[in-house]
Every structure is written in C-alpha cells, then in structure tokens.
Amino acid sequence: KLFADFNAAGPIPANAEVVIGAPFIHIPLLMMTLRKDISIAAQNCSLTCTGAYTGETCAFQLKELGVEWVILGHSERREGFGMVGEDSDLVAMKTKKALGGGLKVMFCIGEKKEEREAGTTMDVCASQMQPLADILSKEDWANVSIAYEPVWAIGTGLTATPEMAQETHANIRQWVADNVGADVAAAVRIQYGGSMKGANATGLLSQTDIDGGLIGGASLTMDFFDCINGVPSP
C-alpha cells in the first residue's frame with residue numbers, strides 16, 4: 001500500500017532529488033513498482049568485490065540491479081547491534097569501494113548526546129570525516145553526500161532546532177573547505193538526519209547549509225511527501 005500511495009502522491013518539486021533507502025530484499029520489488037522519479041538506495045554494501053564472500057552484497061551487484069545510491073556509516077552500523085560496530089576507517093574504505101562500483105554514497109556522521117553536551121560535536125564529526133578525506137580524490141566527492149545525523153535525535157522525537165542544525169552544517173562545510181577544498185565544500189550536499197518530518201522540514205530545509213534530509217520514521221508514512229514538499233522553491 002505504501003508504494004501505491006507514493007506512486008499516487010503527485011509531482012515531486014523540480015529542484016528535489018528523492019531517494020528511498022530500502023532493505024536488500026525489497027529492492028527488486030521497488031525497482032519493478034516504484035515511480036521512476038524516485039531513485040533507490042541500499043542501506044549498506046560490503047567492502048568486498050565479487051568472490052568468495054558468503055552473505056555479502058557488493059556495489060557492483062547493487063549497480064546491476066539498478067540501484068544508484070548506498071547509505072554508509074549510519075550511526076546504527078557504527079555502533080553495532082550484537083556485533084562490533086564499523087569504525088571510521090572501515091566506513092571510508094567501504095565508501096571508496098562503493099564509488100568504484102558506480103554507486104553514489106550518503107556518508108553518515110554525527111555525535112551522541114553526551115558528545116553534544118560536552119561541546120565536542122565537530123571533533124566527533126571531523127574524526128569520522130578525516131579517513132574519507134584521506135582516501136577520496138576530488139573527483140570522488142562529486143558522488144558523495146554527507147548526511148549529518150545527530151545520534152541523540154534519531155527516533156527519539158528530539159530534533160535540533162533549525163539554527164542548531166545550520167550551525168553544525170556550516171561547520172561541516174567549513175571543515176570540508178579546509179581539509180578537501182573550497183570547491184568541494186561549495187558543491188557537496190549536506191543532509192540533515194535527525195527526526196526530520198513534515199512539521200519541521202520547511203524550517204530545516206530553508207537553512208543555508210542544509211541541502212536535504214535523511215528521513216527515517218517519516219519515510220514510512222505519507223509524511224515523507226510532506227517533507228519533500230517542504231523543499232524551498234529555487
């Protein structure tokens with residue numbers, strides 16, 4: 001039913017790119033049934049290429065399915081769930097591999113509540129971005145979007161105010177300018193991923209350095225299109 005509702009939801013603003021990040025098992029169904037003006041992202045892909053890697057799904061396989069994007073470094077995968085979490089070096093290497101396989105990457109970063117309260121938000125974000133800056137070429141960055149997701153705001157109902165989010169996004173963009181290049185910083189998209197929903201999307205997306213959303217819970221309802229329609233006119 002959700003697919004049918006999305007397909008019937010009306011036009012997407014011309015200045016918005018919409019991508020749905022789906023579990024592996026649902027990707028083929030989405031490819032067959034979802035409207036063609038919405039792209040598909042995988043929620044993960046492996047560090048490996050094709051070969052004897054039981055249970056792994058690599059970028060080339062996803063690309064062959066028609067997937068355009070992959071989400072890497074999500075806070076849940078960095079933290080781990082019944083297994084060791086992915087560290088920033090691993091996430092950076094997976095990003096490089098995914099780009100080499102022809103995918104675009106939403107590269108997730110963000111701080112926990114205690115880190116925000118300690119005033120170390122940018123220290124955390126910088127430590128997560130540095131391994132990526134070390135291994136990507138400037139050309140690679142054209143296919144990378146940074147998704148800032150304050151961990152304390154994911155699924156909690158808490159949301160950074162537009163001003164708080166803008167401050168961090170501006171700091172992230174400045175870090176990219178200082179450590180990668182001003183041209184990359186000006187071009188890279190920085191998404192906000194902390195409980196964005198229809199009620200707050202317009203305020204968040206109107207900020208200078210917030211270029212989009214990484215939308216969680218709201219993407220499972222028609223509120224997703226309220227977020228999409230919150231995109232400011234060009």
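User: Which element gives the largest share of the lining of the second largest pocket?

Analyst: Rolling a probe the size of a water molecule over the atoms shows where empty space is left. On a 1 Å grid over the protein atoms alone, a pocket is an open set of points where a 1.4 Å probe fits, with protein on both sides within 12 Å along at least five of seven lines, and lining residues have an atom within 4 Å of a point. Here α4 gives the largest share of the lining of the second largest pocket, 4 residues. Helices (H or I, at least four residues) and strands (E, at least two) are DSSP runs, numbered from the N terminus. This is a predicted model, in which local features need pLDDT of at least 70 and side-chain atom pairs count only at pLDDT 80 or more, while totals for chains, interfaces and linings use all residues. Residues are numbered from 1 along each chain as its sequence is written, and side-chain values use heavy atoms, with hydrogens and water left out.

User: Which residues line the second largest pocket?

Analyst: The lining includes Ser75, Glu76, Arg78 and Glu79, and also Gly110, Lys112, Val124 and Gln128. Two or more lining residues come from each of α4 (75-79) and α7 (121-135). The volume of this pocket, the space filled by probe spheres set on the grid points, is about 210 Å³.

User: How many residues of the lining are nonpolar, polar and charged?

Analyst: The lining has 5 charged, 3 polar and 3 nonpolar residues. Asp, Glu, Lys and Arg count as charged, and Ala, Val, Leu, Ile, Met, Phe, Trp, Tyr, Cys and Pro as nonpolar; the others, Gly among them, are polar.

User: How many salt bridges are found in the whole structure?

Analyst: A salt bridge is a side-chain nitrogen of Lys or Arg within 4 Å of a carboxyl oxygen of Asp or Glu. The whole structure has 12 of them. In one network, salt bridges link Arg77, Glu86 and Lys94.

User: Which parts does the pair Asp209 and Arg173 tie together?

Analyst: The closest N and O atoms of Asp209 and Arg173 are 2.6 Å apart, forming a salt bridge. Asp209 lies in the loop between α10 (198-205) and β7 (212-213), and Arg173 in helix α8 (residues 162-179), so the pair ties together parts that are 36 residues apart in sequence.

User: Is Asp209 buried or exposed?

Analyst: Buried means under 20% relative accessible area, exposed over 50%, and partly exposed in between (1.4 Å probe, protein chains only). Asp209 is buried at 11%, and Arg173 is buried at 13%. In another salt bridge, Asp5 pairs with Lys1 at 2.8 Å between the closest N and O atoms. There Asp5 is partly exposed at 25%, and Lys1 is exposed at 78%.
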